[in-house]
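The following paragraphs lead a new reader through one protein structure, from its overall form to selected details. Please keep the sequence and the model in view while reading.

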Amino acid sequence: MRIHFIAIGGSAMHNLALALHAKGDIVTGSDDTIFEPSKSRLEAKGLLPKEEGWFPEKITEEIDVIILGMHAKGDNPELLKAKELGLTIYSYPEFIYEHSKNKTRVVIGGSHGKTTITSMILHVMHYHNVEVDYLVGAQLEGFDRMVNLTSDNEFMLIEGDEYLSSALDLRPKFHIYQPNIALLSGIAWDHINVFPTFENYVEQFKIFIGKLVNGGILVYNEEDAVVNQLVEEATNPIRKIPYTTPSYTIENEQTYLDTNDGPMPLEVFGKHNLSNISGAKWICQNMGIDEEDFYEAIASFKGASKRLEKLVETDQTVIYKDFAHSPSKVIATTEAVKAQYPNKKVIACLELHTYSSLNSAFLSQYEGALAKADEAVVFYSLDALKIKNMPEISQEQMQTAFNRPGLATYTNAADFKQYLEQLDLNNAVLLFMSSGNYGGLDMQAFSEKVKNK
């Protein structure tokens, strides 16, 4: 098949392009901006566009399918040409559904934890040599790319994102997949620029539950009150399987999961990750992996990329980076680190740079989010606010929103870097939380510098 990607450079889009290329399809694409690592990965397979921009002359009747990324707007010249020619146009999730119509679709949804849970399941399957098709949003050790498509595998494992599909398809992605097996990890308001009220956001998950095929299975976090209520209200004919956080202990900065065979040491930690393990176990059991085999595999799971990823550990200092940026994720991550290292000073650095987190109407959702840190810092760029055409947020507004005594705030990258340079990191854990890079900070280089002091 000849497939053209409009906006090939995105994290998910370029992975799909690589997967289809590996499957033997003829893949082309365009984008107006392509960042690393997408750029190098596309270039290595000969899929990197010769120049950035949109070129309607690329769109011809020989193309079988157009895959449209969310980054491309409705007036995109390549999209207009494709519509003029009457070509088949799919959003990313529509294409995934079309591919997996005859497979058992396993969709992991929730405001938080879905990437980690999907990665856990994939790790267990890989450990036991069970081949599955998959789509997951983060890089995982041992995998070349995070999309795999075949004609043979029985299962299609999908991370079910609630964000919109494309400029032509304003449905949340996870509404399209129609799962046979699904999981809901938790609901906490996010994507305020698309879902302006909490009630509107929750409604998307109610619709998701209703999209399960008749006779399907829903695994859900019984400890989340909003999820619990939605599941109780669901009337479609599905099987409902609740899960809770399993029993565990922490000794000498090591987390142990309680099993029938005794305490089992884990590579990951935090109450939220133990809850994720519990949900992943139920999904794996419904994919044919028994409990004993699940535990054997999960013991070696080290986490998904950027999810509590350890950058450096010395006798005195540990440095982590985590993708956390929404309030619920910041709370879970900060609490996890403090519980794992109760005798160390925890210094939590949070960058706010998404539309939701920089919206003054949403800021109050962060109240208490950094309460478990011994020292707390919030970094946000005034330039980023200007670029997004958003009103400036004062340091006083930020401190009021977090309601955290002693909260330090930085709006300049150079000042924040200077703050880091003077930190006393003896007997300390430094935690970077962001989906960005603090205005250009090389966290790995900084960590190596700390290590070599």
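Helices and strands are here DSSP runs, numbered from the N terminus: a helix has at least four residues in state H or I, and a strand at least two in state E.

The model is a predicted one. In total, the protein contains 14 helices and 20 strands. Its radius of gyration is 22 Å, close to the 22 Å that the globule rule gives for 453 residues, and the protein is therefore as compact as a globular protein of that length. The C-alpha trace spans about 65 × 55 × 45 Å along the principal axes.

An unreviewed UniProt entry lists residues 2–103 as "domain: Mur ligase N-terminal catalytic". Over residues 2–103 the chain is 37% helix and 18% strand, with the end C-alpha atoms 23 Å apart.

An open sheet is built from four strands in the order β2-β1-β3-β4, and their pairing is parallel. Because β2 (26–30) and β4 (88–91) stand at the edges and have a single partner strand each, one side of each is left without a neighbour in the sheet. From one strand to the next, the twist averages 25°. Four bridges connect β3, which comprises residues 65–68, with β4 in the parallel sense. Helix α4 (residues 92–100) lies across β1 (2–6), β3 and β4, and runs at about 100° to β4.

The packing of helices comes next. Two packed helices are described by the angle between their axes and the distance between the axes. For α5 (residues 114–127) and α9 (residues 291–298), the angle is about 100° and the axes are 9 Å apart. Since angles of 65 to 115 degrees count as roughly perpendicular, α5 is therefore roughly perpendicular to α9. On the α5 side, the contact is made by Met-120, His-123, Val-124 and Tyr-127, which meet Phe-294, Glu-296, Ala-297 and Ile-298 of α9. The residues in this contact of α5 with α9 comprise six nonpolar, one polar and one charged.

Another open sheet has three strands in the order β12-β13-β14, paired in the antiparallel sense. At its edges stand β12 (248–251) and β14 (262–265); each has a single partner strand, so one side of each is left without a neighbour in the sheet. Neighbouring strands are turned by 35° against each other on average, with direction ignored. Strand β13, residues 254–259, is joined to the antiparallel β14 by four bridges. Thr-259 has Gly-262 in β14 as its bridge partner.

The last part of this account concerns a second annotated span. UniProt, again in an unreviewed entry, places "domain: Mur ligase C-terminal" at residues 307–436. This span is 28% helix and 25% strand, and its end C-alpha atoms lie 13 Å apart. The phi of Asn-403 is near 50°, a positive value in a residue other than glycine.

Key
Residues are numbered from 1 along each chain as its sequence is written. This is a predicted model: local features need pLDDT of at least 70, side-chain atom pairs count only at pLDDT 80 or more; totals for chains, interfaces and linings use all residues. Side-chain values use heavy atoms; hydrogens and water are left out. Two strands pair if DSSP finds at least two bridges between them. Axes are lines fitted to C-alpha atoms, for helices over the stretch in contact, and angles run from 0 to 180 degrees between N-to-C directions. UniProt positions are given in the numbering used here, feature names are shortened, and annotations may be inferred rather than shown by experiment. Angles under 35 degrees count as roughly parallel, over 145 as roughly antiparallel, 65 to 115 as roughly perpendicular and the rest as oblique. Contact means heavy atoms within 4.5 Å. Ala, Val, Leu, Ile, Met, Phe, Trp, Tyr, Cys and Pro count as nonpolar, Asp, Glu, Lys and Arg as charged, and the others, Gly among them, as polar. The radius of gyration is taken over C-alpha atoms; the globule rule is 2.2 Å times the number of residues to the power 0.38.
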